[in-house]
Amino acid sequence: MKKVLLGDIRKYDRKGLNEVDKNIRGEKIVVSKGKSYGGLNDDEDKTEYFDTEEELKEKIKKLAEYVRNCKYMVSYTGAGISTSANIPDYRGPNGLWTLKEKGESAKSVNIRKANPTVTHMALVGLANSEILKYVVTTNVDGLHLKSGLSPAKHCELHGNMFRGNTVGFGSELPPNAIKISREHSSKCDLALVLGTSMRVSPACNLPESSYKNGGHLVICNLQTTPYDKYASLVIRARTDYVMELLMNELGIKIPVY
């Protein structure tokens with residue numbers, strides 16, 4: 001079986017790496033080459049931060065409270081939820097773009113053999129419990145689908161590499177994908193952002209509806225994001241650990257893959 005190197009999915013222009021712009025041309029949404037092309041800014045804080053156990057314990061209690069009281073929870077997931085499946089992220093210490101800046105290359109990964117992580121399965125548990133209404137992911141690894149999460153419950157905004165429909169920078173997002181993601185986001189009063197730096201639009205704009213609707217934006221990411229200042233809660237811990245603690249606090253069993 002052929003090994004698929006995640007770094008081969010998209011080709012990036014290294015000339016301008018600041019912040020990705022969004023162009024809206026009617027219903028055509030383009031991930032475009034603005035000031036940046038999806039790489040690392042020179043002034044971007046690449047440090048990974050970790051909450052203390054005591055801080056994390058208090059934040060999980062608060063998150064559980066938000067989950068219990070929400071009416072429409074949507075989760076937005078990025079590359080960080082798949083690192084424990086040995087799929088590299090982009091901006092982490094061993095991320096594709098981080099290594100590229102050092103003149104290094106990521107190791108070849110057989111993504112076909114990768115299995116859903118604790119985070120993937122916890123989201124399935126929340127969806128099965130009718131708490132989580134929808135998942136919007138920018139990941140192209142297909143692990144949400146592989147986890148058993150219903151296609152009706154999630155959108156692969158940037159496509160699925162195994163279906164040959166991945167979306168690169170400068171390409172139009174599928175109109176139906178952005179339409180349905182916006183529909184669910186418009187109803188969201190709790191946005192749980194997991195493992196994404198929230199720097200690529202239009203995906204990073206979708207969770208805004210949560211706090212604009214009077215609800216909560218919760219970000220779980222080791223690195224800072226441009227949206228931290230809008231969040232009710234920012235959690236600095238690995239997503240698998242956070243979801244394990246959250247599910248335990250909620251008394252919901254994580255399905256076994």
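Reader: What does buried mean for this predicted model?

Author: The model is predicted. Exposed residues have over 50% relative accessible area, and partly exposed ones lie in between. Buried means under 20% relative accessible area.

Reader: Which residues of β3 are buried on one side, and which on the other?

Author: Strand β3 spans residues 73-77. Five of its five residues are buried, and the strand is mostly covered. Both faces are covered. One side holds Met73, Ser75 and Thr77; the other holds Val74 and Tyr76.

Reader: In β4, which residue is the bridge partner of Met73?

Author: Strand β4 covers residues 132-137. It pairs with β3 in the parallel sense, over five bridges. The β4 bridge partner of Met73 is Leu132.

Reader: And which is the bridge partner of Met73 in β6?

Author: Strand β6 runs over residues 190-194. β3 and β6 also pair in the parallel sense, over five bridges. In β6, Met73 has as its bridge partner Leu190.

Reader: Is Asn139 buried or exposed?

Author: Asn139 sits in the loop between β4 and α4 (143-146). Its relative accessibility is 8%. The cut-off for buried is under 20%. Therefore Asn139 counts as buried.

Reader: How many Å separate the backbone nitrogen of Ala79 from a polar atom of the Asn139 side chain?

Author: Leaving out residues up to four places away in sequence, Asn139 touches Thr77, Gly78, Ala79, Ile81, Ser82, Glu156 and Gly159. Thr77 is one of the buried residues of β3. For Ala79, the distance from its backbone nitrogen to a polar atom of the Asn139 side chain is 2.9 Å.

Note on methods: Residues numbered from 1 in each chain as written. Predicted model: local features only at pLDDT ≥ 70, side-chain atom pairs only at ≥ 80, totals over all residues. Heavy atoms only, no water. Buried < 20%, exposed > 50% of the residue type's maximum accessible area, 1.4 Å probe, protein only. Helix = DSSP H or I, 4+ residues; strand = E, 2+ residues; numbered from the N terminus. Pairing = 2+ DSSP bridges. Polar contact = N/O pair within 3.5 Å; in protein donor to acceptor, adjacent residues only side chain to side chain. Contact = heavy atoms within 4.5 Å.
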